[in-house]
Amino acid sequence: MRKHPVIAVTVAAVTTGALAVAAVPAQAAEYHSALKIRGVQYDAPGRDSNSCATGNTDEEYLTIKNYSSSATVNLRNYLVKDATGNRFLFTANHYLQPGDHVKLRGGNGTDSDSGNVVHRDNCNFMWNNPGDTIYLYKPAGGRSDVHAYTKSGSDSDGNGYIRFHN
């Protein structure tokens, strides 16, 4: 993934009483959470069609993974949104065991803990093909993870899928 040069400034006191300023990537602060965006299929294979009956919005998905080695995470009240304000709130309990993942798919379907899938029950595409920013928010409102992508800069093999974490 191509990193965008967003900088946050951290100020720290040193023993002499002077202040030191260090540049730290803003995204680095997001990685204290066990729940992360593993990857996104932002461009569904084939010609985009958001028809509920015959469309392919279910082929567009976001993979969220629990990277904790010991904690189970309930996705209830986690929020996924993009840069233009499209949103999805997990309203039901969906438990991710350590190392487990879920695919948040477009379209309609049956959600399944054992099948690791949740459907947005919306037949419109959420992720913009030329580029977008994906935000994952915790139930209390703090960010769990964030990633920006561009088709030309982030998808080197052109298959419509971008991996952010292993």
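Colleague: Where is the place of Ser 114?
Modeller: Ser 114 has its place in the loop between E9 and E10, where E marks a strand of at least two residues and H a helix (DSSP H or I) of at least four, both being DSSP runs numbered from the N terminus. This is a predicted model, in which local features need pLDDT of at least 70 and side-chain atom pairs count only at pLDDT 80 or more, while totals for chains, interfaces and linings use all residues. Residues are numbered from 1 along each chain as its sequence is written, and side-chain values use heavy atoms, with hydrogens and water left out.

Colleague: Does Ser 114 count as buried or exposed?
Modeller: Ser 114 counts as exposed, at 74% relative accessibility; the cut-offs are under 20% relative accessible area for buried and over 50% for exposed, with partly exposed in between, using a 1.4 Å probe and protein chains only.

Colleague: Which side chain is joined to that of Ser 114 by a polar contact?
Modeller: The side chain of Ser 112, through a polar contact of 3.2 Å. A polar contact is a pair of N or O atoms within 3.5 Å; within protein, one atom must be able to donate a hydrogen and the other to accept it, and residues adjacent in sequence count only if both atoms are side-chain atoms. As for Tyr 95, which is 19 residues from Ser 114 along the chain, the C-alpha atoms of the two are separated by 9.9 Å.

Colleague: Changing topic, how many helices and strands has the protein chain?
Modeller: The protein chain has one helix and 13 strands, and along the sequence the pattern reads β-β-β-β-β-β-β-β-β-β-β-β-α-β. Of its 166 residues, 40% are buried, and its accessible surface comes to about 8,800 Å², with 49% of that belonging to carbon and sulfur atoms (Shrake-Rupley method, 1.4 Å probe; for residues, only the protein chains shown count as cover).

Colleague: And which residues touch the most other members of the largest nonpolar core?
Modeller: That core has 23 residues, and those touching the most other members are Val 40, Leu 62, Val 80, Phe 90, Trp 127 and Ile 134. Two or more residues each come from E3, E4, strand E9 (101-105) and strand E11 (131-137), and E3 gives the most, with three residues. A nonpolar core here is a set of buried Ala, Val, Leu, Ile, Met, Phe, Trp, Tyr and Cys residues joined through side-chain atoms within 4.5 Å.

Colleague: What is Leu 62 in contact with, leaving aside its neighbours within four places in sequence?
Modeller: With those neighbours left aside, Leu 62 is in contact (heavy atoms within 4.5 Å) with Ile 37, Gly 39, Val 40, Val 80, Val 102, Lys 103, Leu 104, Trp 127 and Ile 134.

Colleague: On to charges: how many salt bridges does a search of the whole structure find?
Modeller: The search finds two, a salt bridge being a side-chain nitrogen of Lys or Arg within 4 Å of a carboxyl oxygen of Asp or Glu. Asp 43 forms one with Lys 151, where the closest N and O atoms are 3.5 Å apart. Asp 43 lies in the loop between E3 and E4 and Lys 151 in helix H1 (residues 151-154), so this pair ties together parts that are 108 residues apart in sequence. Asp 43 is buried at a relative accessible area of 16%, whereas Lys 151 is partly exposed at 40%.

Colleague: What else does the side chain of Asp 43 have as a polar contact?
Modeller: A polar contact of 3.3 Å joins the side chain of Asp 43 to that of Asn 129.

Colleague: Which residue forms a salt bridge with Glu 60?
Modeller: Arg 120, with the closest N and O atoms 3.9 Å apart. Glu 60 lies in the loop between E3 and E4 and Arg 120 in the loop between strand E10 (117-119) and E11, so the pair ties together parts that are 60 residues apart in sequence. Glu 60 counts as buried at 2% relative accessibility, and Arg 120 counts as buried at 12%.

Colleague: Last one: which cysteines form a disulfide?
Modeller: Cys 52 and Cys 123, whose sulfur atoms are 2.1 Å apart, the criterion being a pair of cysteine sulfur atoms within 2.5 Å. The link is right-handed, with 120 degrees about the S-S bond. The pair links distant parts of the chain, 71 residues apart, with Cys 52 in the loop between E3 and E4 and Cys 123 in the loop between E10 and E11. Cys 52 counts as exposed at 55% relative accessibility, while Cys 123 counts as buried at 8%.
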